[in-house]
Amino acid sequence: MEYNYKIYTPEEYAISMAKISLDKYLEKTSKEKLLDIKIVDISCGSGNLLLAMLEELLKVSKKVFGEYKYSEKWLTGFDIDSKALDTLKKRAQALFFKYGIEGNLNIKECDSLYEKMDEKYDIVIGNPPYLGEKNHKEVFHIIKETDFGKKYYKPKMDYFYFFIEKGIDILKEDGILVYLTTNYWLKADSAEGLREKLKSEGEFFRIENYSHSIFKDAIGQHNVIFYWRKSKSEEEIFVKDDGLEYEIDQSNIFGEEHSKINLIPPFCKKNIEKIRMNSNKILGDLLNVNQGIVSGADKVFVFDEYKEEFGDYLKPFYKNKDVGKYEVSKKPPFWIIYLNGKSKLDENLMSYLLEYKSKLSLRREVVNNRINWWELQWARDEEIFLKPKIVVRQRCKTNNFGYTENPFYSSADVYYLTAKNSEVNLFYILGYLNSKVFYYWFNYIGKKKGKNLEFYSTPLKECPLYYPDKEEELKEIVGLVEKQIDNYDEGIQERIDLYFSKIMGIDIREEQ
Ligand SMILES: C[S@@+](CC[C@H](N)C(=O)[O-])C[C@H]1O[C@@H](n2cnc3c(N)ncnc32)[C@H](O)[C@@H]1O
């Protein structure tokens with residue numbers, strides 16, 4: 001199982017999730033109804049969230065009734081891990097003892113996604129298991145065949161989407177769902193269906209976004225805690241985005257493209273709208289966006305020196321750190337044997353590769369009969385490495401787009417932007433991609449993981465830009481960009497930034 005399959009919610013977050021969701025729920029319900037509340041965690045583990053909720057409920061009961069009261073209806077927990085549930089039972093007993101109460105929780109060992117749940121709940125709380133389909137094909141294969149899976153399965157989704165969807169389905173009208181998850185789904189293509197469900201059946205009232213992991217044992221993760229109500233009231237959403245706190249209108253939370261969830265502070269919103277309004281194209285109208293090579297066996301195909309004997313097949317192979325702003329490294333650190341379906345292998349190369357035949361034959365595309373055993377797994381269309389092109393690192397802290405007309409082959413962590421036709425001027429677009437305006441757009445609307453921008457195909461293609469009709473206007477920027485490619489200069493960059501800020505009608509100098 002993956003590393004974050006079973007990492008329990010840290011106490012301080014569990015307490016605040018319990019407190020905030022319960023307070024919100026009680027805003028609309030008379031306190032006397034406290035004993036009727038029903039709360040569930042459908043992947044409760046050893047109960048960090050349920051126990052935080054239990055303690056919170058007991059404290060509220062004391063305020064309402066003048067003494068600690070407990071209702072057996074309150075808390076239900078499901079999990080597939082019997083040991084974790086045993087621990088939960090013991091921990092619950094210790095807590096009951098602390099408050100002088102006799103009681104039990106409703107705990108059931110089961111797979112929540114297969115469990116028929118007729119009961120509806122007032123609050124669904126959770127930190128569901130994160131599992132990608134890639135390494136857990138079997139789990140997804142089985143659930144896909146069920147009615148539930150047929151309804152909610154989407155390619156490339158994460159398993160935790162199912163727990164959100166199930167959570168919504170077992171929530172009462174007006175009930176509250178609070179979940180801690182990774183924040184990838186806010187913009188991921190695979191989560192469009194999930195976002196649509198959240199959008200149509202209710203609304204968020206609070207989102208806490210963390211561009212770091214809140215789990216000590218799952219470094220590299222970025223989390224979100226979202227609070228959502230199964231009804232609509234049009235109240236503003238309170239957002240805590242790392243250190244920044246602000247409110248967003250319900251009408252602004254879901255973006256126009258694929259209902260992506262946009263966390264945009266109000267002071268930036270106007271600028272984002274201006275960029276949209278003053279653009280006349282999206283990048284995908286003008287450019288093809290492709291990912292670099294996946295060899296499936298770098299040890300066989302990639303060398304750190306030029307090998308004379310494979311000279312006819314060797315191509316310069318670069319790392320993503322060879323991509324800079326406007327430029328790329330001139331000297332390749334590696335060489336790759338570039339082989340696609342059209343390649344004709346000479347004897348020498350064939351005898352070298354035959355040594356690795358059994359290993360190479362295990363690669364997915366070979367197993368699926370899509371390529372010959374000696375080809376690169378995904379060689380891509382070779383044209384993209386040869387044509388004039390803009391290149392960018394898949395993940396980068398800022399917008400550094402390089403340019404080269406030389407052969408430039410690299411791995412899948414580099415993206416290639418090539419002109420869709422001969423009319424398209426790559427220099428002008430390169431200037432835009434390296435500008436502050438573009439950073440501004442991508443930082444808020446594009447794709448991010450933690451502090452890194454993620455220049456993947458879909459978010460790149462969807463970026464709006466202003467592309468002039470007149471040659472004259474193009475020329476001004478093209479000239480400046482050519483200078484930057486030759487020799488980068490801050491002063492020239494300011495002129496490029498200024499041009500694009502003016503075109504978009506915004507002043508972003510202060511805000512970066
Ligand atoms: C990340 S842990 C969170 C536990 C707890 N909610 C918390 O916040 O501390 C996820 C839990 O999901 C449970 N789990 C995984 N798949 C499940 C399934 N299909 N049905 C029920 N529980 C499941 C695991 O056993 C694990 O206890």
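How far apart do the C-alpha centres of domain 1 and domain 2 lie? The C-alpha centres of these two domains are 41 Å apart. The model is predicted: local features need pLDDT of at least 70 and side-chain atom pairs count only at pLDDT 80 or more, while totals for chains, interfaces and linings use all residues. Residues are numbered from 1 along each chain as its sequence is written.

The protein chain is divided into two domains, with bounds from an automatic or database domain assignment.

| Domain | Residues |
|---|---|
| domain 1 | 11-263 |
| domain 2 | 285-504 |

Eight residues from domain 1 and eight residues from domain 2 form the contact, where contact requires C-beta atoms, placed from the backbone, within 7 Å. The side of domain 1 that touches domain 2 holds no nonpolar, five polar and three charged residues. Here Ala, Val, Leu, Ile, Met, Phe, Trp, Tyr, Cys and Pro count as nonpolar, Asp, Glu, Lys and Arg as charged, and the others, Gly among them, as polar.

Around the ligand there are 21 residues, of which Tyr-8, Thr-9, Ser-43, Gly-45 and Asn-127 come nearest; a residue is near if its C-beta atom, placed from the backbone, lies within 6 Å. Two or more residues of this shell come from each of α2 (48-65) and β2 (75-79). Helices (H or I, at least four residues) and strands (E, at least two) are DSSP runs, numbered from the N terminus. The shell comprises nine nonpolar, seven polar and five charged residues.

In α19, Ile-477, Val-481 and Gln-484 are buried, that is, 20 or more other C-beta atoms, placed from the backbone, lie within 10 Å of their own. The buried residues of α19 pack against α16 (426-433) and α20 (490-504).

Notes. Two residues are in contact if their C-beta atoms, placed from the backbone, lie within 7 Å. A residue is buried if 20 or more other C-beta atoms lie within 10 Å of its own, exposed if 12 or fewer, and partly exposed in between; C-beta atoms are placed from the backbone.
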